[in-house]
Amino acid sequence: MRIDKYLKVSRLIKRRTVANEVADAGRILVNGRPAKASYAVKVDDVIEITFGNKPVKVKVLSTDAPMGKDVAREMYQVIEE
């Protein structure tokens, strides 16, 4: 699954176009490296997203699309906020 779609489906970012713009701006790091919107997310990847001055670091637990918004939080584990 592409990282822009993953961020939208996991509800870390509300819209895929916003996730795409954040990736293009270089504010998404995967395993310490900048990632483009087309990066294929894998289980155990560590994603760091910078929202203004507040970075959020999460670990990918699943790349399967959830069936509802209640289970979207089970796709990742927050490491740092």
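Modeller: With the accessible area, which comes from the Shrake-Rupley method with a 1.4 Å probe. This is a predicted model, and the accessible surface of the protein comes to about 5300 Å². Carbon and sulfur atoms hold 47% of that surface.

Colleague: What share of the residues counts as buried?

Modeller: Buried means under 20% relative accessible area. Here 31% of the 81 residues fall in that class.

Colleague: Why does the radius of gyration agree with a compact globule?

Modeller: The rule is 2.2 Å times the number of residues to the power 0.38. For 81 residues a compact globule would have a value near 12 Å, and the protein has 11 Å, which agrees. The C-alpha trace spans about 30 × 25 × 20 Å along its principal axes.

Colleague: Which pattern do the helices and strands follow along the sequence?

Modeller: There are two helices and five strands, in the order α-α-β-β-β-β-β.

Colleague: Which residues of the largest nonpolar core touch the most other members?

Modeller: That core has 21 residues, and those with the most contacts to other members are Ile3, Tyr6, Leu7, Ile28, Ile47 and Ile49. Two or more residues each come from helix 1 (3–9), helix 2 (16–24), strand 1 (28–30), strand 3 (46–51) and strand 4 (54–60). Helix 1 gives the largest share, four residues.

Colleague: What does Ile28 touch, leaving out residues up to four places away in sequence?

Modeller: Its partners include Ile3, Leu7, Ala19, Val22, Ile47 and Ile49, along with Arg33 and Glu48.

Terms used. Residues numbered from 1 in each chain as written. Predicted model: local features only at pLDDT ≥ 70, side-chain atom pairs only at ≥ 80, totals over all residues. Heavy atoms only, no water. Core = buried A, V, L, I, M, F, W, Y, C linked by side-chain atoms within 4.5 Å. Buried < 20%, exposed > 50% of the residue type's maximum accessible area, 1.4 Å probe, protein only. Contact = heavy atoms within 4.5 Å.
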